[in-house]
Amino acid sequence: MARRPIALVTAGVLFLEAPAIVGLNAVMARFVEAQSMSLDGLDPDHMVTGTWVLGIVSGLLLALCATVALIAGIRDKRPGRAGRALLIGCAVVHGLLGAVTVGLIGWGAFAFMTVVLGLIVLTLVAYGKGADAPEADAPDADAPEGAPAPA
């Protein structure tokens, strides 16, 4: 199975997406600052700070998810419980953002988000529970010679 390349491609895409998200939030923060926008009387400076914090935290979380996928690909072992939870959360966020981007940005952004979602899910499935188990076709070392194969 091609689990190692899938995990490595997933890590690469997430590593590329992390600074893009930070940059996108930087642009949005600049627009809020330049136009002195506020939402229901909120201080525009707080809106700018919140946009920057959201961008930086989102970028760091994407880089962390990419690191989990990279380690899984390098070691060719499934991520631990915390790593799987992180990748599942990343997949859920990509699914929700993909649904939102159709109306706001267009089908191209939706296609990108769906591809990233698919890569994350494929990484999780490829390194599923039975992924580290020995192959079913391999002969059992504990079985006596001439014994029928287990069902």
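**Stop 1: D76 and R3.** Select D76 and R3 and show their side chains. In this predicted model, the two residues form a salt bridge, with the closest N and O atoms 3.3 Å apart. The pair joins distant parts of the chain: D76 sits in the loop between helix 2 and helix 3, R3 sits in helix 1, and 73 residues separate them.

Is R3 buried or exposed? R3 is buried, because its relative accessible area is 13%, and the limit for buried is under 20%. D76 has a relative accessible area of 25%, so D76 counts as partly exposed.

Stay on D76 and look at its backbone. Its phi is positive, about 55°, although D76 is not a glycine. Most residues other than glycine have a negative phi.

**Stop 2: E33 and R30.** How many salt bridges are there by the rule used here? The count comes to two. For another salt bridge, select E33 and R30, whose side chains meet with 3.6 Å from N to O. Both of these residues lie in helix 1, three residues apart, which is about one turn of the helix.

E33 is at 48%, so E33 counts as partly exposed.

**Stop 3: the whole chain.** Zoom out and switch to a cartoon view. The protein chain has four helices and zero strands. Read from the N terminus on, the order of the elements is α-α-α-α.

Of its 151 residues, 26% are buried. The chain exposes about 9900 Å², and carbon and sulfur atoms supply 69% of that area. Among contacts with a separation of 6 or more, 70% are between residues 24 or more positions apart.

**Stop 4: the largest nonpolar core.** Select L14, A18, L62, C65, A66, V68, L87, C90, A91, V116, I120 and L124. These 12 residues make up the largest nonpolar core. At least two of its residues come from each of helix 1 (3-35), helix 2, helix 3 (81-104) and helix 4 (107-126). Which helix gives the most to this core? Helix 2 does, with four residues.

Which residues is C90 in contact with, leaving aside its neighbours within four places in sequence? The contacts are L14, L62, C65 and I120.

**Stop 5: T51.** Select T51, which lies in helix 2. T51 counts as buried because its relative accessibility is 15%. Not counting residues up to four places away in sequence, T51 touches N25, M28 and A29.

Stop 6: V53 has its place in helix 2, which covers residues 44-75. Is V53 buried or partly exposed? V53 is at 46% relative accessibility, so V53 counts as partly exposed.

**Stop 7: W107 and F110.** Hide the surface and select W107 and F110. A pair of aromatic rings is described by the distance of the centres and the angle of the planes. Here the ring centres of W107 and F110 are 5.4 Å apart and the angle between the planes is 90°, an edge-to-face pair. By the rule used, the count of aromatic pairs comes to one.

Both W107 and F110 lie in helix 4, three residues apart, about one turn of the helix. W107 counts as exposed because its relative accessibility is 62%. F110 has a relative accessible area of 28%, so F110 is partly exposed.

Conventions: Residues numbered from 1 in each chain as written. Predicted model: local features only at pLDDT ≥ 70, side-chain atom pairs only at ≥ 80, totals over all residues. Heavy atoms only, no water. Buried < 20%, exposed > 50% of the residue type's maximum accessible area, 1.4 Å probe, protein only. Core = buried A, V, L, I, M, F, W, Y, C linked by side-chain atoms within 4.5 Å. Contact = heavy atoms within 4.5 Å. Areas by Shrake-Rupley, 256 points an atom, 1.4 Å probe, with all protein chains shown as cover. Salt bridge = Lys/Arg side-chain N within 4 Å of Asp/Glu carboxyl O. Phe/Tyr/Trp six-rings, centres within 6.5 Å; stacked < 30°, edge-to-face > 60°.
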